[in-house]
Amino acid sequence: MADAVVIGAGPNGLVAANLLADAGWSVEVLEEQPEPGGAARHDRGVDPDFVSDLFSAFYPLAAASPVLAGLELHDHGLRWQHAPHVLAHPLTDGRCAVLDRRVEVTADSLEAFAPGDGAAWTRLHDTWQLLRPDLLEALFTPFPPVRSAARVAMRLRAAGGLRMARTLVLPVRRLAEEEFRGEGGGLLLAGNALHADLAPEAAGSGGFGWLMSMLGQTYGFPVPVGGSGALTGALARRLQARGGVLRCGQRVERILVRDGRAAGVRTAGGETVAARRAVLADVSVPALYGGLVAPEHLPPQVLSDLRRFQWDFATFKVDWALDGPVPWQAEGAVGAGTVHLADGVDELTRFAAQLAMRQVPDRPFSLFGQMTTSDPSRSPRGTESAWAYTHVPHDVAGDAAEEGLTGSWDAKEQGVMADRVERQVERFAPGFRSRIRARRILAPPTLQSMDRNLHGGAINGGTAAMHQQLFFRPLPGTARPETPVPGLYLASASAHPGGGVHGAPGANAARAALRRKPVPALAQRVLTRRDRTGHKRPVTERRAPGT
């Protein structure tokens, strides 16, 4: 019997397993898919000569994460690579905002939009430099991050106090209007905000866009050499070197609760895998509380709140093998790893409004990845391994382009949508389609079939909107990794701090499990009665002495 069973071998599950193994626990990781990695995998499915990332591709949060830094994955083969520029946002008139790890290069690109905008960017960067250490500690540690939050509050006073706090909760459109005279700064901030599901008019989108932009400014958007699965490979090798067991092709269908605590899991094949101390679940909250845990073990309020859980947008992705470099009209986009494709902030607003009305957008804002530009090992010299993804509604009510898309995502609809994405690329790179050697389409149902956590292709484990963040994430009052079932911990992106590959949810869950003392038999019996009767008194009032 293992000390802990971890459900899911995505980055968060593997981080959790590694930290438990570091503490001397025996760990068994069960993964449904035939290979580990979750949303950090690559293959050669588009063309045998081209490496294509299946899901995530760029890793600013991984580069900034103290969790991953502490695992020293370079000792297990992980290497990072950067494109010449971090990110570009071209316009159809040829102008282009460029985010570069050299702040003066970023500032110069914005200065071309309006005099003084370079200095405005530098001021925002100065504020980031002041807040960065404590802000990142607050971001990557369990909620509430009392010590680091207190230090952030003190540093905020030096950065302008309430005025700076106000700036960070502004919608990104308003933040750009207040800070910049031209369009360039707003393009960088608003495009980065839509890496989550935050429209230009959403409260807090300014702070999120600023955070993502400054992460790119400081750490870049690096990629693992050889493909995104190299990150997974390093995590898996590290775990196995410490005695951890990783089993793929094992779908967990039920978490077993005995004597009031999580005692193990049952797989779809009927196998019972016992856990002596803890079960950690790198699964979405709807999967955890809506299926894996039987409802009789959950408080009625959790089940009620679960009905209000909101996913982030569904995702539609296209991978390409290109015979040559992308023929960008704007020179600034040529060396960028990530390119944002929308002709201005107004077009971003239009895109987000169509999604809000449950329409498939007619001019889909696309995040475009130039992977060979970022890592030359991805494809033969002179070619480009590329992809783009955009967002679509989970429940389609109409098609803004009037091409009849219904959200069935059959082969015909997939082809129509892929062509639409390619037309969007052509607006900024005339002749792009003539470079296509091969393409692959990953529609929302396909993404979900390859990783059950990506419900409809939702990539962030739930909306990043303010009503489902901090102490509201994933459900009101459940911001810590502990769950209503003792010994069961939520270790996925549905938990604080949310999506992105940084390992914090997995690390937080592992540390919570390590802190917990074994529950005596008396306390276990009381906890079981409380679960079944819905008794409202705190559990600690009924525990045996010394627990």
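Which residues form one aromatic cluster with Trp-320? The cluster consists of Trp-320, Trp-328, Phe-368 and Phe-432. The model is predicted, and the values below are computed from it.

**Aromatic pairs**

The structure contains 13 aromatic pairs. A pair of aromatic rings is described by the distance of the centres and the angle of the planes.

| Pair | Centre distance | Plane angle | Class |
|---|---|---|---|
| Trp-320 and Phe-368 | 5.7 Å | 25° | stacked |
| Trp-320 and Phe-432 | 5.1 Å | 85° | edge-to-face |

The pair of Trp-320 and Phe-368 is classed as stacked because planes under 30 degrees apart count as such, and the angle here is 25°. For Trp-320 and Phe-432 the angle is 85°, and planes over 60 degrees apart count as edge-to-face.

Both pairs join separate parts of the chain. Trp-320 belongs to strand 13 (residues 314-322) and Phe-368 to strand 16 (residues 366-370), so their pairing ties together parts that are 48 residues apart in sequence. Phe-432 sits in the loop between helix 16 (411-428) and strand 19 (436-442), so its pairing with Trp-320 in strand 13 ties together parts 112 residues apart in sequence.

In soluble globular proteins, nonpolar side chains tend to be buried together. The largest nonpolar core in this model has 48 residues, and the members touching the most other members are Trp-121, Trp-128, Phe-180, Trp-210 and Leu-215. Helix 5 (residues 117-140) supplies the largest share of this core, with seven residues.

What does Trp-128 touch, not counting residues up to four places away in sequence? Its contacts are Leu-135, Leu-136, Trp-210, Leu-211, Met-214, Leu-215, Thr-218 and Tyr-219.

**Ala-464**

Where is Ala-464 found? Ala-464 is in the loop between helix 17 (444-450) and strand 20 (488-490). The relative accessible area of Ala-464 is 13%, so this residue is buried; the cut-off for buried is under 20%. Apart from neighbours within four places in sequence, Ala-464 is in contact with Ala-196, Asp-197, Leu-198 and Gln-469. Between Ala-464 and Glu-31 there are 26 Å in space, C-alpha to C-alpha, and the two are 433 residues apart in sequence.

How values were computed: Residues are numbered from 1 along each chain as its sequence is written. This is a predicted model: local features need pLDDT of at least 70, side-chain atom pairs count only at pLDDT 80 or more; totals for chains, interfaces and linings use all residues. Side-chain values use heavy atoms; hydrogens and water are left out. Rings of Phe, Tyr and Trp (its six-membered ring) pair if their centres lie within 6.5 Å; planes under 30 degrees apart count as stacked, over 60 as edge-to-face and the rest as tilted. Helices (H or I, at least four residues) and strands (E, at least two) are DSSP runs, numbered from the N terminus. A nonpolar core is a set of buried Ala, Val, Leu, Ile, Met, Phe, Trp, Tyr and Cys residues joined through side-chain atoms within 4.5 Å. Buried means under 20% relative accessible area, exposed over 50%, partly exposed in between (1.4 Å probe, protein chains only). Contact means heavy atoms within 4.5 Å.
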